[in-house]
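Hi there,

Here is the structure I promised to pass on to you. Have a look at it first, and then read on for my notes.

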Amino acid sequence: MKTYAFPGIIEDDILRISAGQIPYMRTSWFSGVMKENERMLLDAIGCQGGRVMFFTSSGTAAMESVVQNYVAAKGSAFIIDGGTFGHRWVQLCEYHGIEHEVMQIPFAEDIDYEALEQRVACSRPAVFLCQHHETSSGQLLDIRRISDICHKFGTSLVVDVISSFLAEELDMNGMGIDVAVTSTQKGLNLPPGAALVFLAENALKVDFRHNNYYLDFQDNLKNLERGQTPFSPATTLFMQVNERMHRNLEKGIGNVIAATREKALYFRRLCAKYGWEIPAHNPANAVTGFFVHKNADILCDELQKHGIFIMPSGKPHFFRVSHMGSDTYQDLDDLAGLISEIENLPR
Ligand SMILES: *Cc1c(COP(=O)(O)O)cnc(C)c1O
């Protein structure tokens, strides 16, 4: 099987970590693994002095935990809704009855940053919620420009980096990000099932709300002191996080990001060759989103006959290929060739 859907192709030896017996987690050995995970993750995202909470959940629970513990404590939110994932912030705030204002961004477009500054200047929200990479379209947002605006008006910056962590340059302290969330099945290129919440030093000073027993920040932070989670963690998945981060730091985070970018650029040249349009104004490294011309309705099924997965979308003719996995340039040549063949099947 070749998968260009998240989390992408994972190396066999990393997959095998979760194929054996499950070691017990209330041990000093597992505490050591988690403490090392925290150190390596903070290092990789430039969040020295901060903390990482580990949840056994998908990424959306991490987003929800931030809304319930952090945004609820701070008050109001300003949200960039540029697609499926931006809209998820809106739904979470609606669901939890948090006052919020929304700036809608058309599909695959960048923000009008001047207009954004005017709106933030006017409403002075307590918290800003956005994505770094809106994965539904492939559009990357300019976090440094957003951060400048937030700092001008005393707004705390929360960024969903679920599909940009380890795929784009990220430096929480340098970029002024207070809270960031990610999950295992994207940049970490691991099975789904765990999510991470990064809290910068600033965010740790907040008097968190207690609205979610399982995802309570104070309780999780207290347990983190001894390298533990309050409840049973996905033990082997956190062992895989450990191995992945060792490998990433050995390669150098900059090199990991560059390798993903190179693969993305290579695939985009193939898109140009076959005439597939890429709508994103500023395409992110993690995925390439592109429009095919014909046979979109059968594309995924036909690829699956060859044991290949790419990601469809709600938008007609629009597909996404992930660059997070350990696929090769040859794999990308083969993939693009096959998509083109299917596109040209007579019907
Ligand atoms: C994948 C993703 C999520 C979270 O989705 P889950 O299915 O809950 O893991 C959130 N935001 C972005 C930008 C994503 O790419």
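**Notes on the model**

Let me start with Arg51, which sits in strand E2, residues 51–55. Please keep in mind throughout that this is a predicted model.

Is Arg51 buried or exposed? Arg51 counts as buried because its relative accessible area is 18%, and the cut-off for that label is under 20%. Its side chain has a polar partner: the side chain of Glu225, at 3.1 Å. Beyond the residues within four places in sequence, the contacts of Arg51 include Glu38 and Leu42, then Val197, Phe198, Leu199 and Leu204, and also Leu221 and Leu224. Glu225 is in that contact list too.

**The ligand site**

I expect you will want to go to the ligand next. Which residues come closest to the ligand? They are Ser58, Thr60, Thr135, Asp160 and Lys186, out of 14 residues that surround the ligand.

- Thr135 has a polar side-chain atom 2.5 Å from an oxygen atom of the ligand.
- For Lys186, a polar side-chain atom is 2.7 Å from a ligand oxygen atom.
- For Gln185, the distance from a polar side-chain atom to an oxygen atom of the ligand is 2.8 Å.

As for cover, the ligand taken alone exposes 380 Å², and the protein buries 88% of that. Two elements give two or more residues to the shell around the ligand: helix H3 (59–74) and helix H4 (84–95). H3 supplies the largest share, with three residues. By type, the shell has eight polar residues, three charged and three nonpolar.

**Strand E11**

Why is strand E11 (residues 287–291) described as largely enclosed by the rest of the structure? Because five of its five residues are buried. Val287, Gly289 and Phe291 point one way from E11, while Thr288 and Phe290 point the other way, and all are buried. E11 runs antiparallel to strand E13 (residues 318–322), with five bridges joining the two. At one of these positions, Val287 stands opposite Ser322.

**Tyr329**

Tyr329 is partly exposed because its relative accessible area is 37%, which falls between the 20% and 50% cut-offs. Leaving out residues up to four places away in sequence, Tyr329 touches Glu262, Lys263 and Tyr266. Tyr266 is 63 residues away from Tyr329 in sequence, yet the C-alpha to C-alpha distance is 7.6 Å.

Terms used
Residues are numbered from 1 along each chain as its sequence is written. This is a predicted model: local features need pLDDT of at least 70, side-chain atom pairs count only at pLDDT 80 or more; totals for chains, interfaces and linings use all residues. Side-chain values use heavy atoms; hydrogens and water are left out. A residue is near a molecule or strand if one of its heavy atoms lies within 4 Å of it. A polar contact is a pair of N or O atoms within 3.5 Å; within protein, one must be able to donate a hydrogen and the other to accept it, and residues adjacent in sequence count only if both atoms are side-chain atoms. Accessible areas come from the Shrake-Rupley method with a 1.4 Å probe; for residues, only the protein chains shown count as cover. Helices (H or I, at least four residues) and strands (E, at least two) are DSSP runs, numbered from the N terminus. Ala, Val, Leu, Ile, Met, Phe, Trp, Tyr, Cys and Pro count as nonpolar, Asp, Glu, Lys and Arg as charged, and the others, Gly among them, as polar. Buried means under 20% relative accessible area, exposed over 50%, partly exposed in between (1.4 Å probe, protein chains only). Contact means heavy atoms within 4.5 Å. Two strands pair if DSSP finds at least two bridges between them.
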